[in-house]
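Subject: Structure handover

Hello,

Here is the structure for your set. My notes on it follow below.

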Amino acid sequence: VEEVDAIIDKSGSAVFAEIQGYIDCCIKLSGMPDLTLSFLNPRLFDDVSFHPCVRFKRWESERILSFVPPDGNFRLMSYHIVTQNIVAIPLYLRHNISFRDSGGGRLDITVGPKQTMGKVVEGVILEVPMPKCVLNVTLSPTQGKYSFDPVSKVLMWEVGRIEPTRLPNLRGTISLQSGSPPPDSNPAITVQFSINQLAVSGLKVNRL
């Protein structure tokens, strides 16, 4: 399981990215098997922590996980990776949020998969913190549903699963308070998503 936290600029490039990963196990073996797990690219790790069953000295010397696993479910390893170069964010966003002097604005957002190795992007949720001068929004989603909280000024778009042949889009108008000047800057958009069986970091198992 990997969780990626990234800041993306308007051109789609990663300004900053960090990954928190976990290797969870479910063991149902008889006896006391002595297992080893090696990676093709263990130098990716910036920080690691292990279950007590892991022989740490062998990891330090050979970068190999050697362990006698306990029965049942346990977390074998957790790791942290900070990088700007190797992370290919598997999602892209095309957005245009503009405000007019006349007291209104327009919003147009499209989200789609990118470099997912054929995997499906699911659980997609977009969160847009609108400026305080926004009164309401009138939008039309091609997929999912949206909500706008007039108190917190947060726009939520629950997209769900993305089909590459039909990209989700949300567009419509923004209403501003009467007499208020247009906001100085556009809001930052937060995107949540999940992709099963895809390691964003590029981490690969060599042998178990």
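I start with the largest pocket, where strand 1 contributes the most to the lining, with seven residues. Strand 7 and strand 14 (190-195) also give two or more residues each to that lining. In total, 32 residues line the pocket, and Ala6, Ile8, Leu93, Ile189 and Val191 are the ones nearest its centre. The pocket volume comes to about 920 Å³.

Please keep in mind that this is a predicted model. The mean pLDDT of the protein chain is 87, with 98% of its residues at 70 or more. Confidence is lowest in strand 1 (residues 2-8), at a mean of 82, and strand 1 is also the element that gives the most to the pocket lining. At the other end, strand 11 (residues 145-149) has the highest confidence, at 96.

Cores

The largest nonpolar core contains 25 residues. Leu107, Met130, Val134, Val137, Leu155 and Ile174 have the most contacts inside it. Two or more residues each come from strand 7 (91-99), strand 8 (104-113), strand 9, strand 10 (134-141), strand 12 (154-162) and strand 13 (169-176). A second, separate core has 20 residues, among them Leu37, Phe45, Leu65 and Met77.

Val121

Is Val121 buried or exposed? Val121 has a relative accessible area of 2%, so it counts as buried, the cut-off being under 20%. Val121 lies in strand 9 (residues 121-129). Setting aside neighbours within four places in sequence, Val121 is in contact with Pro90, Leu91, Pro113, Thr116, Gly160, Arg161, Ile162, Phe193, Ser194 and Ile195. Val121 and Glu163 are 42 residues apart in sequence, while their C-alpha atoms are 8.1 Å apart in space.

Regards

Methods. Residues numbered from 1 in each chain as written. Predicted model: local features only at pLDDT ≥ 70, side-chain atom pairs only at ≥ 80, totals over all residues. Heavy atoms only, no water. Helix = DSSP H or I, 4+ residues; strand = E, 2+ residues; numbered from the N terminus. Buried < 20%, exposed > 50% of the residue type's maximum accessible area, 1.4 Å probe, protein only. Contact = heavy atoms within 4.5 Å. pLDDT = per-residue confidence, 0-100. Core = buried A, V, L, I, M, F, W, Y, C linked by side-chain atoms within 4.5 Å. 1 Å grid on protein atoms, 1.4 Å probe; cavity = no way out; pocket = protein on both sides within 12 Å on 5 of 7 lines; lining within 4 Å. Points joined across faces, edges and corners; volume = space filled by probe spheres on them.
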